[in-house]
Amino acid sequence: MRTTLNYQLIDPFDYGDLKGDVESCIGNDFCPPAIVSTNNVAEGIQKILRETKSGLNVKVSGCSHSCGRHQIGEVGLGASMREGRPKFKIYIGGDNYKLGKLVGEVDADRYDEVIRVLSSIDEDKIRKSKVDEIESLLSKVPSFVKSED
């Protein structure tokens, strides 16, 4: 009996389309400094991006160590604590060449509302960091606080 294996060779520099992708650190399921369960958050974000057919690239970090590289995502969520509550700082417009702009923060359990709002916006506005327009839309999310920067 003869078996034939069928492999597809891929150029190592051709990673395909990573739009609509979510990247996160391992979160508080495995990491002591992490504040939130980034695994659950990443799964929730991926579900929303599929539902809305959004091509956003979202990165999530469970603490200030930034293992999820939230500052370089088109949308980045970086966990922090304020007044004893877990929050997500929201960054927009980052990529591999520049850091995103901090637009504000929201209670961590409201991340899904933030992603729904951002996935409804023209992706070019996010990539070009149209902060005023984005802050205006995010202000409708309960607990959103605009950045003082």
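Colleague: What covers the buried residues of H1?

Modeller: The cover includes strands S1 (22-24), S2 (58-61), S3 (75-82) and S4 (85-92), together with helix H2 (111-119). Contact here means heavy atoms within 4.5 Å. This is a predicted model, in which local features need pLDDT of at least 70 and side-chain atom pairs count only at pLDDT 80 or more, whereas totals for chains, interfaces and linings use all residues. Residues are numbered from 1 along each chain as its sequence is written, and side-chain values use heavy atoms, with hydrogens and water left out.

Colleague: What makes residues 38-52 a helix, and how does the span of H1 compare with the expected one?

Modeller: Helices (H or I, at least four residues) and strands (E, at least two) are DSSP runs, numbered from the N terminus. H1 has 15 residues. The expected span is 1.5 Å times one less than the number of residues. H1 reaches 21 Å from its first C-alpha to its last, close to the 21 Å expected. After the helix comes Lys53, with a positive phi near 55°.

Colleague: Why is Glu135 called buried?

Modeller: Buried means under 20% relative accessible area, exposed over 50%, and partly exposed in between (1.4 Å probe, protein chains only). Glu135 has a relative accessible area of 10%, so the residue is called buried. Glu135 lies in helix H4 and, leaving aside its neighbours within four places in sequence, is in contact with Val103, Phe144 and Lys146.

Colleague: Which residues of H1 are buried?

Modeller: They are Thr38, Val41, Ala42, Gly44, Ile45, Gln46, Ile48 and Leu49. Ile45, leaving aside its neighbours within four places in sequence, is in contact with Val22, Val58, Val60, Leu77, Tyr111 and Ile115.

Colleague: What makes S2 and S3 a pair, and in which sense do they run?

Modeller: Two strands pair if DSSP finds at least two bridges between them. S2 and S3 have 4 bridges and therefore meet this condition; their sense is parallel. Val60 stands opposite Leu77 in S3. On the other hand, S3 and S4 run antiparallel and are joined by 8 bridges, with Ser80 opposite Lys87 in S4. Their hairpin has 2 residues between the strands, and Glu83 there takes a positive phi near 55°.

Colleague: Why are S1 and S6 said to stand at the edges?

Modeller: The open sheet has 6 strands in the order S1-S2-S3-S4-S5-S6, with mixed pairing. S1 and strand S6 (145-146) each have a single partner strand, so one side of each is left without a neighbour in the sheet.

Colleague: What makes a group of residues a nonpolar core, and which members touch the most others in the largest one?

Modeller: A nonpolar core is a set of buried Ala, Val, Leu, Ile, Met, Phe, Trp, Tyr and Cys residues joined through side-chain atoms within 4.5 Å. The largest has 31 residues, of which Ile45, Phe88, Ile90, Leu118 and Leu138 touch the most other members. At least two residues of this core come from each of H1, S2, S3, S4, strand S5 (101-107), H2 and helix H4 (131-138).
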